[in-house]
Amino acid sequence: MYTQGLDQKEQSSDKRDALESAADLEAFQKRIDAEQKIEAKDWMPAAYRRTLVRQISQHAHSEIIGMQPEGNWLTRAPTLKRKAILLAKVQDEAGHGLYLYGAGETLGTSRDEMIADLLSGKAKYSSIFNYPTLTWADMGAIGWLVDGAAIMNQIPLCRCSYGPYARAMVRICKEESFHQRQGFDIMRELCRGTDEQKAMAQDALNRWWWPSIMMFGPSDKDSKHSAQSMAWKIKRFSNDELRQKFIDVTVPQADFLGLRVPDDDLAFDDETGHYRFGAIDWSELNDVIAGNGPCNKQRIAKRRKAHDDGAWVREAAIAYGEKHATKAAA
């Protein structure tokens, strides 16, 4: 869903970089340019591997942390049907995390290592999940805007040069499309309801619009790793291209709902065929990524508690596996 991690500083250097020959690097790039999939056992540059681990692990973390703001409304959904739909969606997100951790493990980094990096604060997850869900309309805004932005970002990842990641994304994108429809349906019902309900929908749009368009990461001129990632065909479009696509698709949807996008500078440009939009407050994004968002501490504290509470399950599973391995060996 989320590629902001591509724009974080490198956390460590890899000595293997110095051992890579120009011929190996050239041969690898030729495979990329020929649209050949790179598989887990294939040779790859260490920097390519690090980039994938960083992106895939952040993506997995985002799916797992993203369960929290929606889980906040599981017991308060307005009808049994809405509760069942939301519960199914949260379960989907857990499954997405599972697929992605599995894809990350094919690169030689264990799930335990990835989770330890998340819990220690070393690894990032999408900034969007550090905002609170204040009303039921937020469930609509998250599905419509957040999952809508995720789909815009993730569909090209189905053609990612790394095979295990690309294949995991096929199912994830299919499920995310249902999540987006679920969110839009909530917003549509609210906008067809009472004046108070429509005002609730407008308030949710006001609060989630700018964080949603920040999901695509910094502008291209400030993105340190985007160009290399595109050369490796991990990414297929730049941050700004994806952001523009999202805005062009979403603004007419807001018009259909009778809602106003909270951007006084928003206007359709007949010459370019795209919407012009106002300046993004990148200081807010940087502040949230740095750990100072409204819910950063709460999200990580809850994830740590869940991890600690589940220790006995992991220990029991390991003991069970060892017991049967010993029995089989005997």
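## Glu 35 and its loop

Glu 35 sits in the loop between α2 (22–33) and α3 (46–65). Helices here are DSSP runs of H or I with at least four residues, strands are runs of E with at least two, and both are numbered from the N terminus. Glu 35 is not a glycine, yet its phi is positive, about 65°. Its relative accessibility is 42%, so Glu 35 counts as partly exposed. Buried means under 20% relative accessible area, exposed means over 50%, and partly exposed lies in between (1.4 Å probe, protein chains only).

This is a predicted model: local features need pLDDT of at least 70, side-chain atom pairs count only at pLDDT 80 or more, and totals for chains, interfaces and linings use all residues. Residues are numbered from 1 along each chain as its sequence is written, and side-chain values use heavy atoms, with hydrogens and water left out.

## The loop between α10 and α11

Lys 233 also has a positive phi without being a glycine, at about 60°. This residue is in the loop between α10 (226–231) and α11 (239–257). Lys 233 is buried, because its relative accessible area is 17%.

Lys 235 belongs to the loop between α10 and α11 too. With a relative accessible area of 5%, Lys 235 is buried.

Where does Gln 55 lie? Gln 55 is part of helix α3. Its relative accessibility is 1%, so Gln 55 counts as buried. From C-alpha to C-alpha, Gln 55 and Ile 234 are 9.5 Å apart in space, and they are 179 residues apart in sequence.

Cys 295 is in the loop between α12 (282–292) and α13. A relative accessible area of 5% makes Cys 295 buried. Cys 295 and Ser 127 are 168 residues apart in sequence, with 9.9 Å between their C-alpha atoms. Which residues does Cys 295 contact, leaving aside its neighbours within four places in sequence? They are Asn 130, Tyr 131 and Pro 132. Contact means heavy atoms within 4.5 Å.

## The second largest pocket

The second largest pocket holds about 480 Å³ of space. Of its 18 lining residues, the closest to the centre are Ile 64, Met 67, Ala 94, Arg 303 and Ala 306. Helices α4 (67–71), α5 (80–105), α6 (111–120) and α13 (296–309) are the elements that each give two or more residues to this lining.

A pocket is found on a 1 Å grid over the protein atoms alone: it is an open set of points where a 1.4 Å probe fits, with protein on both sides within 12 Å along at least five of seven lines, and lining residues have an atom within 4 Å of a point. By class, the lining has 8 nonpolar, 6 polar and 4 charged residues. Asp, Glu, Lys and Arg count as charged; Ala, Val, Leu, Ile, Met, Phe, Trp, Tyr, Cys and Pro as nonpolar; the others, Gly among them, as polar.

## The whole protein

The protein has 14 helices and 2 strands. Its radius of gyration is 21 Å, close to the 20 Å from the globule rule for 330 residues, so the protein is as compact as a globular protein of that length. That radius is taken over C-alpha atoms, and the rule is 2.2 Å times the number of residues to the power 0.38. The C-alpha trace spans about 70 × 55 × 35 Å along its principal axes.

Of the 330 residues, 50% count as buried. Among contacts between residues at least 6 apart in sequence, 79% join residues at least 24 apart.

Note on methods
Grid points are joined across faces, edges and corners, and a volume is the space filled by probe spheres set on the points.
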